[in-house]
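I want to look up strand pairing and charged pairs here and jot down what turns up.

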Amino acid sequence: MTIDHDHLLNYPIPEIRQTIRWQDTALYNFSIGLGQDPMDQAQLDFLYEPRLKAMPSMAVVLGYPGFWIRNPDTGVDWTQVLHGEQSIILHKPLPAEGEIIGRSRITSIVDRGPGKGAMLYNERVVTDARTGEKLATLEGTTFARGDGGFGGPTGPIKRPHPEPDRAPDLTVDLATRPEQAIVYRLNGDHNPLHIDPDVAAQAGFKQPILHGLCTFGVVCHGLMKALCGYDPARFGRMDLRFSSPVFPGETIRTEIWHEDGGAAFRARVVERDKVVVSNGLFRFAA
């Protein structure tokens, strides 16, 4: 099949109602690396139930509709898709417990031409199921590498946030654990690429790789530590582009440049000196 622009643009992505327990929040925070220093009181605020906080990046696992793009009627070659970009706008701190609703949609599709793939822009709005209050808006870009040339619009294309050409103002190093991908998948992302060595080898990797959204969470942790004093109420927005995978056990160094209202950032793996996240934008809450 090939992409039918109008059909995919209006594809009925299922609405998700989800109950959040304190255990789910603690698991997410643990899965992105918090708690490696059990004497760090600021990190324990994200793991210890009497004073539990939700990390802003937890929004990426709330109201998640599953891997719906794998459905044959989407017309997308799901084996060739990559998660290219991700952003979160936090409207208020996420609850550590409660019930939420996630509503997802495709906002636009760009045809890059035969052999060049397509870009699918998507949005998910997470609301409080009891009050209807908006909690977070997530925007993402999926690169459908096998689906260009279907005759769709050729733009507009989202422009990445520019990176400064000077040394960063500050850096934060956070180690990942060898088993971190195995733990992170318990949040609901069950892609075997992140646990099965045979599947990873078929994809050309020496071992299972870390989920891109786990890397997103580690970088969010770095920004929260460096810029927000671990206070979710100070977090407003975070955008980034995925550049390269991370192997569990590697150290992620977030490089930060101060800007009006927030910061620019990128991240690299220390052991391989490889940029894994680029064109990052952070903004404080208004």
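My entries follow, beginning with the ground rules.

**Ground rules.** This is a predicted model, so I keep in mind that local features need pLDDT of at least 70, side-chain atom pairs count only at pLDDT 80 or more, and totals for chains, interfaces and linings use all residues. Residues are numbered from 1 along each chain as its sequence is written, and side-chain values use heavy atoms, with hydrogens and water left out.

**Strands.** Which strands pair with E10? I found E7 (residues 235-242) running antiparallel to E10 over 6 bridges, and E9 (residues 262-269) also antiparallel to E10, over 7 bridges. Pairing here means that DSSP finds at least two bridges between two strands.

**The turn.** E9 and E10 form a hairpin with 4 residues between them. I checked phi in that turn and noted a positive value of about 50° at Asp 273. Asp 273 came up again in the charge search: it belongs to a salt-bridge network with Glu 163, Glu 255, Arg 266 and Arg 268.

**Salt bridges.** My criterion is a side-chain nitrogen of Lys or Arg within 4 Å of a carboxyl oxygen of Asp or Glu. How many does the whole structure hold? The search finds 20 salt bridges.

- Glu 99 and Arg 17 meet at 3.6 Å, N to O. The pair links distant parts of the chain, with Glu 99 in strand E3 (residues 98-111) and Arg 17 in strand E1 (residues 16-20), 82 residues apart. Glu 99 is partly exposed at 33%, while Arg 17 is exposed at 51%.
- Lys 158 and Asp 239 meet at 3.7 Å, N to O. Lys 158 sits in the loop between E5 (134-144) and E6 (170-175), and Asp 239 lies in E7, 81 residues apart. Lys 158 is partly exposed at 30%, but Asp 239 counts as buried at 9%.
- Arg 272 and Glu 250 have their closest N and O atoms 2.6 Å apart. Arg 272 is in the loop between E9 and E10, and Glu 250 in the loop between E7 and E8 (251-259), 22 residues apart. Arg 272 is partly exposed at 34%, whereas Glu 250 counts as buried at 9%.

**Ala 175.** Leaving aside neighbours within four places in sequence, Ala 175 touches Gln 36, Glu 250 and Thr 251. Ala 175 lies in E6 and is partly exposed at 37%. I also took its C-alpha to C-alpha distance to Cys 214: 12 Å, for 39 residues of sequence separation.

**Record check.** An unreviewed UniProt entry annotates residues 23-146 as "domain: Peroxisomal multifunctional enzyme type 2-like N-terminal". UniProt positions are given in the numbering used here, feature names are shortened, and annotations may be inferred rather than shown by experiment. Over that stretch I get 10% helix and 37% strand, with the end C-alpha atoms 39 Å apart.

Methods:
Helix = DSSP H or I, 4+ residues; strand = E, 2+ residues; numbered from the N terminus. Buried < 20%, exposed > 50% of the residue type's maximum accessible area, 1.4 Å probe, protein only. Contact = heavy atoms within 4.5 Å.
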